[in-house]
Amino acid sequence: MVAGMVAGRLAVVTGAGSGIGRAACQVLSREGATVIAADKSYDSAVDTIKTHTALACGASDIGDHTAVELDVADQASVKNLVQTTLKHYKTRSTIVVNSAGITRDNWMLKLSDEDFDNVMDVNLKGTFLIMRAFAKIMSETQTPGSIINISSIVGKYGNLGQTNYSASKAGVVGMTQSAAQELGKFGIRVNAVLPGFIDTPIIKTVPDKVREAILKQVPLGRLGEATEVAELIAFLASDKSSFITGAAIDITGGY
Ligand code: NAD
């Protein structure tokens, strides 16, 4: 029997092939969860399961963990994830982490409709599609659960070049709070995490000058690590946060 904050539970993680999603898989598996790692890049999701999650478990094989190819913005793909989950694990879907996300940054005056829509489709609608699909299963099977949606601090304060992204992330917070109100009666908690600037591939496109300017505004004086966000995710996934729902929690180094 594996010990840990989420021992014996199933964790479905989107965006699991990189950054915060991958770190969430590592920490949740370390804490005893069986992980379904879902990502648009199947190979990256497999890598998460094979290398990172196995290492996190201290195991020599990949155990029960599963990798799934997923496009959160595509209804059929979400359905496929649900079917895979049900086939393998029946009603043990108790943790859902929505970490899939993209940026298509540009000055608002230059931002195309396409780049606006793409960011909305993945970050906002994708989070909705996953949340709705798994909340349905959890409520119908009376399985208590915890849904953690990754928003962003720029959803609260905005950011240059990110009108599309900040709108999508503000939307995630509102959606999280509404869903928490609807799902509490089923024993399903829904919370949002608002990271500041975390050292993952998604911020590699931020120019050095902008990065330096940002760091000047971070009291802790550094970028965050994906694992630091994953520890908060694991806390929200676990019973240690049993009275927290509808919350939007900053994790920014004080930014
Ligand atoms: P990342 O780019 O390292 O990882 C994102 C993952 O999402 C990638 O593996 C990518 O393949 C996957 N993905 C993209 N589109 C997808 C889709 N349509 N369907 C399924 N998977 C898809 O970025 P990250 O930093 O780990 O970001 C994770 C989440 O955290 C995102 O929602 C991001 O907006 C948010 N966030 C990140 C930061 C930061 O500074 N890194 C700050 C605030 C919020």
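Student: Is the crossing in which H4 passes H6 left-handed or right-handed?
Tutor: Good place to start! This is a predicted model, where local features need pLDDT of at least 70 and side-chain atom pairs count only at pLDDT 80 or more, while totals for chains, interfaces and linings use all residues. Residues are numbered from 1 along each chain as its sequence is written, and side-chain values use heavy atoms, leaving out hydrogens and water. A crossing is left-handed if the near helix is turned anticlockwise from the far one by less than a right angle, and right-handed if clockwise; for H4 passing H6, the crossing is right-handed.

Student: At what angle do H4 and H6 pack, and which orientation does that give?
Tutor: Helices here are DSSP runs (H or I, at least four residues), numbered from the N terminus. The axes of H4 (residues 113-140) and H6 (residues 163-183) are 9 Å apart, at an angle of about 15° (axes are fitted to C-alpha atoms over the stretch in contact; angles run from 0 to 180 degrees between N-to-C directions). Angles under 35 degrees count as roughly parallel, so H4 is to H6 roughly parallel.

Student: How many residues surround the ligand?
Tutor: A residue counts if one of its heavy atoms lies within 4 Å. The closest are Ser18, Ile20, Asp39, Tyr165 and Thr200, and the number surrounding the ligand is 28.

Student: How far is a ligand oxygen from an N or O atom in the side chain of threonine 200?
Tutor: Polar contacts here are pairs of N or O atoms within 3.5 Å. For threonine 200, the distance is 2.4 Å.

Definitions and conventions. Helices (H or I, at least four residues) and strands (E, at least two) are DSSP runs, numbered from the N terminus. Angles under 35 degrees count as roughly parallel, over 145 as roughly antiparallel, 65 to 115 as roughly perpendicular and the rest as oblique. A polar contact is a pair of N or O atoms within 3.5 Å; within protein, one must be able to donate a hydrogen and the other to accept it, and residues adjacent in sequence count only if both atoms are side-chain atoms.
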